[in-house]
Amino acid sequence: MHPFTKIVLGVFTSSSLLLTGCQQYHKPQQIVTTTPEQSATQPVQETNFALQGKIGVRTPKQSGSAFFTWQQQQDNFDIELSGALGIGKTHIEGTQGQVTLNSAKTGLIHATTPEELLEKATGWQAPITHLVHWVLAQPATPHAQIEKDAQQRPTQFIEDGWTVHLNYNNDASLPNKLILQQQLAEGQENRITMVIQNR
């Protein structure tokens, strides 16, 4: 399990951050569904990277944004958030079985799992650990529905109640922007927008 994503997005929602998402046009694309049998034959995906950019969250009750620096080495991560509406720097780090969050607003919070930390910080539960794979243009589960462009790059994932749109700069193989949408009752939604400025 990749712990950091649940925590970082929990911090965004708890800090009432501002979403900076944009509408985008999607032409019809091919939908590919990966079966469990196919997944069993695929190699284990590497999730090592360093990213910088901006992330925003909008829910029916709150919204906001922050700049981030995110270092991921498989299940180990280190994230710095800044510019979050004056709450100061927020530091999130973890390894398997131990995750912590420290900010001027929350103080130091410890938990043994990302789910527990997210619940402590925000009360919000969402299946967002998949973001570790999505930023690498990878499906996170064997039952993902995938749309691809003419270059065979994923442009949309539908997994576990979330629809993820991936945008690319020119011929880049990895996305520079992701928009995650979760439909709620009465036409409302949770929306997460992630702009990757440096890899």
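Trainee: How many residues lie between E8 and E9 in their hairpin, and which residue in the turn has a positive phi?
Mentor: There are five residues between E8 and E9, and Gln152 in the turn has a positive phi of about 65 degrees. Bear in mind that this is a predicted model.

Trainee: In which sense do E8 and E9 pair?
Mentor: Antiparallel, over four bridges, with E8 covering residues 145-148. Within that pairing, Ile146 stands opposite Phe157 in E9.

Trainee: Which strand does E9 join with four bridges besides that?
Mentor: Strand E10, residues 162-167, and these two run antiparallel. Here Ile158 stands opposite Thr163 in E10.

Trainee: And which residue takes a positive phi in the hairpin of E9 and E10?
Mentor: Asp160, with a phi near 50 degrees; that hairpin has two residues between the strands.

Trainee: Why is E9 described as largely enclosed by the rest of the structure?
Mentor: Strand E9 spans residues 154-159, and five of its six residues are buried, so the rest of the structure largely encloses it.

Trainee: Where do the side chains of a regular strand point, in general?
Mentor: They alternate between the two faces of the sheet.

Trainee: Changing topic. Which residues touch the most other members in the largest nonpolar core?
Mentor: The core has 34 residues, and those with the most contacts to other members are Leu51, Trp70, Trp134, Val135, Leu178, Leu180 and Met194. Strand E2, residues 48-58, gives the most to this core, with four residues.

Trainee: How many aromatic pairs does the structure hold?
Mentor: One. Phe49 and Trp70 form it, edge-to-face, at 4.7 Å centre to centre and with 80 degrees between the planes. The pair links distant parts of the chain, since Phe49 is in strand E2 and Trp70 is in strand E3, residues 63-73, 21 residues apart.

Trainee: Are Phe49 and Trp70 buried or exposed?
Mentor: Both are buried. Across the protein, 48% of the 199 residues count as buried.

Trainee: How many helices and strands does the protein have?
Mentor: Four helices and 12 strands.

Trainee: What is the average pLDDT?
Mentor: The protein averages 77, and 70% of the residues score at least 70. Over residues 11-43 the pLDDT is below 50, although the model gives this stretch 85 contacts beyond near neighbours in sequence. Residues 3-8 also stay under 50, with 29 contacts beyond four places in sequence.

How values were computed:
Residues are numbered from 1 along each chain as its sequence is written. Side-chain values use heavy atoms; hydrogens and water are left out. Buried means under 20% relative accessible area, exposed over 50%, partly exposed in between (1.4 Å probe, protein chains only). Two strands pair if DSSP finds at least two bridges between them. A nonpolar core is a set of buried Ala, Val, Leu, Ile, Met, Phe, Trp, Tyr and Cys residues joined through side-chain atoms within 4.5 Å. pLDDT is the predictor's confidence in each residue, from 0 to 100. Contact means heavy atoms within 4.5 Å. Rings of Phe, Tyr and Trp (its six-membered ring) pair if their centres lie within 6.5 Å; planes under 30 degrees apart count as stacked, over 60 as edge-to-face and the rest as tilted.
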